[in-house]
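Trainee: I would like to go through this model term by term, setting each value against its cut-off. Could we begin with burial and then move on to the charged pairs, the sheets and the metal site?

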Amino acid sequence: MGVRYLILSDLHANLEALDAVLAAAADGWDQVLVLGDLVGYGADPNAVVERIRSLNPAAVIRGNHDKASCGLDDGEHFNHIARFAAVWTEQHLTPDNRTYLRGLPAGPTAIDARLEICHGAPFDEDHYIFDAADAQHAFEATQRSVCLFGHTHLPVVFGGSGAQVTAAVPDRDLHSLTLEADSRYLINPGSVGQPRDRDPRAAFGVYSTAGTFIFRRVDYDVAGAQRRISASGLPQSLANRLSIGR
Ligand code: ZN
């Protein structure tokens, strides 16, 4: 039946969302892959990093917020709220978790002959893949036929065969995609901790080497995550956006 990878991206220190995802995914996976942005925005960077470390993932790559929260990037190109959150996160990370984040590799990272992962794009870890032109550029930058990415917080699948690139947004509920052997795919599972597709539920995916990708959404304790943010001194807008999924 192949190896089943639990795909987690853009967790953003949202422990309530991560725990709901892990409960919903239960034992339906064999290995974990993390596509970056473990921290930033949310109130529980240490607990989220420690939960991920406890899962002993097959691969974890860094995101732009991870870099900005551990001194690898000055966050100069961040908006002021993101920058505030990065500074707050850096002040609250334990030395051990900060060292862990500093040691995360930049993507892309090859998982096997068919699969690779990146945070933004395979040609630039900080680039956003929003449209077919970005996807075409990404397909040209990699030899592997399946590339999983994050960063935009928007679930999407781009398909490519020859010069044609198609884009599709997965259904809002369980959506299983069959990966054809002669096609190429760029897949974003969506964000665990800060969804931006107007659906507040946590998003994640399960990739199977047998040739499927399953998009999933799960309700979580949004109010609890919001209370944690409000009590932490982080900007209130970071709490507010969780309930509208933006
Ligand atoms: Zn992110």
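Mentor: Let us start with aspartate 199, which is buried, its relative accessible area being 6%. The model is a predicted one, in which local features need pLDDT of at least 70 and side-chain atom pairs count only at pLDDT 80 or more, while totals for chains, interfaces and linings use all residues. Residues are numbered from 1 along each chain as its sequence is written, and side-chain values use heavy atoms, with hydrogens and water left out.

Trainee: Why is aspartate 199 called buried?

Mentor: Buried means under 20% relative accessible area, exposed means over 50%, and partly exposed lies in between, with a 1.4 Å probe and protein chains only. Aspartate 199 has 6%, so it counts as buried, and arginine 217, at 14%, counts as buried too.

Trainee: What makes aspartate 199 and arginine 217 a salt bridge?

Mentor: The term requires a side-chain nitrogen of Lys or Arg within 4 Å of a carboxyl oxygen of Asp or Glu. For aspartate 199 and arginine 217 the closest N and O atoms are 4.0 Å apart, and the pair forms a salt bridge. Aspartate 199 lies in the loop between β10 (184–188) and β11 (202–208), whereas arginine 217 lies in strand β12 (residues 212–218), so that the pair links distant parts of the chain, 18 residues apart. The element names follow DSSP runs numbered from the N terminus, a helix being H or I with at least four residues and a strand being E with at least two.

Trainee: How many salt bridges does a search of the whole structure find, and which residues do shared partners join into one network?

Mentor: The search finds 12, and salt bridges that share partners join Arg62, Lys67, Glu125 and Asp126 into one network. Within it, the side chains of lysine 67 and glutamate 125 meet at 3.1 Å, N to O. Lysine 67 sits in helix α3 (residues 64–68) and glutamate 125 in the loop between β5 (115–117) and α6 (132–141), 58 residues apart. Lysine 67 is buried, with a relative accessible area of 7%, and glutamate 125 is buried at 14%.

Trainee: Is arginine 144 buried or partly exposed?

Mentor: Arginine 144 has 27% relative accessibility, and therefore counts as partly exposed. Its salt-bridge partner is glutamate 116, with the closest N and O atoms 3.9 Å apart. Glutamate 116 counts as buried, at 5% relative accessibility.

Trainee: Which strands form the open sheet that contains β11 and β12?

Mentor: The order is β3-β2-β1-β11-β12-β9, with mixed pairing among the 6 strands. β3 (59–60) and β9 (175–178) stand at the edges, each with a single partner strand, so one side of each is left without a neighbour in the sheet.

Trainee: How do you know that β11 and β12 are paired?

Mentor: Two strands pair if DSSP finds at least two bridges between them. β11 and β12 are joined by 7 bridges and run antiparallel, with serine 208 standing opposite threonine 212 in β12.

Trainee: What makes strand β7 largely enclosed by the rest of the structure?

Mentor: In strand β7 (residues 156–161), 5 of the 6 residues are buried, so the strand is largely enclosed. β7 pairs with β10 in the antiparallel sense over 5 bridges, and β7 also pairs with strand β8 (residues 164–168) in the antiparallel sense over 5 bridges. Valine 157 has isoleucine 187 as its bridge partner in β10 and stands opposite alanine 168 in β8.

Trainee: Why is the site of the zinc ion called irregular?

Mentor: Donors are N, O and S atoms within 2.8 Å of the metal (3.2 Å for Na, K and Ca), and sites may look incomplete, since water is not among the atoms. The protein donors of the zinc ion are Asp10 (OD), His12 (NE2), Asp37 (OD) and His153 (NE2), at 2.1 to 2.3 Å. Four donors count as tetrahedral if all angles lie between 85 and 135 degrees; four count as square planar and six as octahedral if opposite donors are over 155 degrees apart and all others between 65 and 115; anything else is irregular. With angles of 87 to 178° among its 4 donor atoms, the site is irregular.
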